[in-house]
Amino acid sequence: MRYGHFDTARDEYVIERPDVPVSWTNYLGTKDFCTVLSHNGGGYSYYKSAQTGRISRFRQNGVPLDRPGHYVYLRDEADGDFWSVSWQPVGKPLAEDGAPLDPSGGAGRWTTRHGLSYSTFEAQYKGIDAQQTIFIPLDDDVEIWDVRLTNTTDEVRELTVGSYVEFSFHTITIDNQNLQMSLYSTGSSHEDGIIEYDAYYEPWTFHYFASSETPSSYDSLRDNFIGPYRSEANPIAIERGYGSNESATTQNHCGALQHKITLQPGETKRLVYMLGYGSRAEAGRAMQAKYADVATVDAERARLAAYWKAKQDKLRIRTPHEGMNTMINSWTLLQAETCVVWSRFASFVEVGGRSGLGFRDTAQDVMSVIHTNPTKTHQRIVELLRAQTEAGYGLHLFEPKAFDPDAPKLPDVPSPTIVPTPDPKDLIHGLEDTCSDDHLWLVPSVVEYVKETGRLEFLDEEIPFAEGTPATVYEHLTRALDFSSQQVGQNGVALGLRADWNDCLNLGGGETSLVTFLHAWAIQAFLELARHRAAAGDEAAAADVAKYEAELERIAKVADTQLWDGAWWIRGYTRDGVKIGSNDNDEGKIFLEHQAWPVIAGITTQERGEASMDSVRELLGSEYGNHLNWPAFTKVDDTVGFVTRVYPGIKENAAIFSHPNAWPIIAEAMLGRGDEAVQFYDAILPYNQNDNIEVRGAEPYAYVQFLYGRDHEWFGKAQNPWLTGTAGWMYTAATKYILGVRLALDGLVVDPSIPKDWDGFEVRREWRGAVYEIEVRNPDHVSKGVTSVTLDGVELDPTQPIPAQPEGSEVKVVVTLG
């Protein structure tokens with residue numbers, strides 16, 4: 001079943017049927033103010049933190065599943081009929097496709113356009129065309145609702161336009177659990193057409209709601225607006241056409257402004273609403289004055305579009321694969337950026353109950369979008385370095401402000417609510433709570449940052465460990481590698497510690513092949529830096545090269561002798577020495593997440609690489625992607641881990657876990673099997689499920705955490721969209737390995753691995769101030785193998801990276817395969 005389509009010309013996804021079975025969301029905001037918004041206007045906003053900076057309320061896991069929201073209502077003064085510009089919350093009947101609309105009412109049409117940091121709701125009902133575009137300007141902490149109303153009839157129309165947003169106490173855990181504080185310490189007031197909401201116990205916290213025109217009435221108390229035994233679907237204030245004009249201290253508050261307007265036949269009018277952070281005096285009045293001018297609204301929309309176009313232009317692709325083009329050029333980029341900018345704790349599933357950063361999540365997320373967001377990725381890398389311990393491991397979940405000496409401090413205001421302030425030393429967990437993989441992801445992330453920016457001096461900057469001990473970035477990387485070298489079992493396989501990437505596969509303190517392989521991958525990345533420094537005469541770096549080359553050789557031998565199972569790699573050993581992920585097991589014979597890494601790390605043969613990928617395809621593959629393990633666990637075994645207590649076909653127990661599906665794509669590309677790489681890519685590509693929503697359910701423009709596996713009756717149903725490392729890794733897999741455009745320290749590499757039937761493709765890549773227009777030709781229809789490279793017509797050595805070009809230059813690169 002199909003509910004919408006991709007509009008590639010406008011980089012939008014257009015939802016033509018708003019009765020989608022689940023909420024399809026978008027993320028607005030690029031800096032400090034964020035809104036998570038559904039296709040029906042539901043969702044919430046926050047300032048900086050979804051946990052401690054909440055602005056509007058959201059009832060998670062509710063029925064309906066996306067309320068409340070950011071709504072605009074229209075009321076026909078002639079008969080009192082009312083509807084909303086987004087289909088919900090009023091939910092008028094939907095007209096049949098192609099059926100004419102009755103200007104007297106009955107049924108209407110509603111569409112939603114999700115774009116890059118904006119969403120537009122469109123309604124055609126009762127002779128009124130209505131549009132509400134919501135976006136957040138680049139430099140102001142305010143959410144703009146740009147409302148346009150057009151009278152398509154030949155009669156004068158009298159309307160009441162009503163807006164509504166429900167305010168939340170700024171700390172979401174208090175909002176949900178402590179009514180003593182959230183209800184009795186907040187108040188609202190109205191002045192000059194601006195509703196101000198204050199957290200009285202904390203005099204620095206205010207929110208406001210304003211509009212471009214003086215309202216005819218208002219409500220700032222939720223219960224006055226909604227009325228008893230009602231909901232957002234039929235609020236009493238909209239039904240009667242005017243608000244209560246009351247404010248108060250305590251209870252639940254909202255921003256609701258009503259305007260009376262007259263529309264002549266064919267006339268269009270615009271209203272602008274502003275939801276913002278700050279007080280009326282310090283922010284609200286200035287933003288009201290600024291955005292009451294619709295020319296300013298249009299200019300800020302144009303700035304936002306230019307902001308995203310500049311990011312897209314950093315790397316644009318044109319291939320024979322339309323789904324890849326659409327996703328990489330817009331939606332996968334947006335999703336990957338979302339994970340870097342907003343972390344993983346603000347969605348309709350993760351609703352702000354946690355804050356901070358996950359070490360492994362963040363370290364992986366930054367790798368994909370350094371070229372589009374060098375400032376934010378640098379910030380994240382520094383935060384990760386500060387959360388790395390002297391021993392070398394990372395703090396699994398941490399609050400960056402706790403380790404930032406320059407973090408702003410809140411005023412010390414006495415409060416009846418006592419929250420003990422933790423000692424920073426207490427935030428540093430010990431080995432018993434350490435994940436064995438966290439720190440390793442950091443190493444390639446730093447290397448990729450240096451490759452992208454050319455900032456080799458970053459390696460010599462001093463950034464303290466979590467304990468406060470100063471160290472250079474280079475030393476941080478060696479501590480990470482050395483920690484993994486120390487944490488090995490008797491047979492040389494990495495110890496699992498608390499867990500590795502698969503949090504539910506604990507192995508009872510056993511050993512993990514995944515971390516063994518990741519260690520090798522991290523060493524390979526680090527060696528590129530160390531060899532560069534050694535070549536410049538750095539004797540310490542030369543010693544590091546010898547040291548880590550020897551360690552890499554050791555790991556390759558361990559992998560070869562301890563971890564190969566005949567047709568795939570085992571997953572590890574329990575603390576009792578029992579193999580996991582082996583053909584000898586009854587359940588969990590094969591796991592997905594580690595199979596690609598010996599290839600990616602360069603520590604195995606072509607033969608074994610192909611064999612392991614063939615096993616993945618045969619035993620774990622499906623039309624929706626590769627399963628995480630097979631067969632599913634049905635018997636509890638705590639020596640294996642919590643995974644055995646998860647329902648079969650769900651999450652870590654034989655679901656199609658999206659994140660590791662990217663890694664076999666990279667491996668197949670490195671093996672030169674481009675057809676197989678794209679087959680893996682296509683299986684899990686959301687774009688390909690656009691017409692299968694009765695199964696998928698979730699958005700066809702965003703990757704999800706997992707899809708139900710074949711052991712579950714909901715096989716193929718997608719869960720937990722947006723906040724997954726899948727987006728960044730799929731972006732990396734497609735651009736750096738299938739298309740093969742990646743970086744070395746001193747040049748640009750073009751080494752594709754594509755389907756044989758492709759004639760070629762094009763990539764525009766900006767790097768260090770130069771533009772590379774890359775054309776790849778495939779006259780012999782091979783998957784891999786560069787036979788020639790020209791730069792502006794001059795032949796280059798096809799085995800060497802393309803040298804970095806002068807800043808400001810634009811060059812033409814032609815790569816021929818054969």
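How far apart do the end C-alpha atoms of residues 12-293 lie, and what percentage of the span is helix and strand?

## Model and annotated domain

The end C-alpha atoms of residues 12-293 are 26 Å apart, and the span is 11% helix and 41% strand (DSSP runs, H or I of at least four residues for helices and E of at least two for strands, numbered from the N terminus). An unreviewed UniProt entry assigns "domain: Glycosyl hydrolase 94 supersandwich" to these residues, 12-293; such annotations may be inferred rather than shown by experiment.

The model is predicted, with local features requiring pLDDT of at least 70 and side-chain atom pairs pLDDT 80 or more, while totals for chains, interfaces and linings use all residues. Residues are numbered from 1 along each chain, and side-chain values use heavy atoms, without hydrogens and water.

## Arg75

Arg75 belongs to strand 6 (residues 71-76). Because its relative accessibility is 12%, Arg75 counts as buried (under 20% relative accessible area, 1.4 Å probe, protein chains only). A polar atom of the Arg75 side chain lies 3.0 Å from the backbone oxygen of Glu239. Residues that Arg75 touches include Phe82, Glu158, Thr160 and Glu239 (heavy atoms within 4.5 Å).

## Strand pairing

Strand 19 (residues 315-318) has Leu315 and Ile317 on a covered face, and Arg316 and Arg318 on an uncovered one. Strand 19 runs antiparallel to strand 33 (residues 760-767), joined by 4 bridges, with Ile317 opposite Val763.

Elsewhere, 3 strands form an open antiparallel sheet in the order 31-32-37 (pairing requires at least two DSSP bridges). Its edge strands are strand 31 (741-744) and strand 37 (802-803). Strand 31 pairs with strand 32 (residues 747-750) over 4 bridges, and Val741 has Val750 as its bridge partner.

Conventions: Buried means under 20% relative accessible area, exposed over 50%, partly exposed in between (1.4 Å probe, protein chains only). A polar contact is a pair of N or O atoms within 3.5 Å; within protein, one must be able to donate a hydrogen and the other to accept it, and residues adjacent in sequence count only if both atoms are side-chain atoms. Lists of a residue's contacts leave out its neighbours within four places in sequence.
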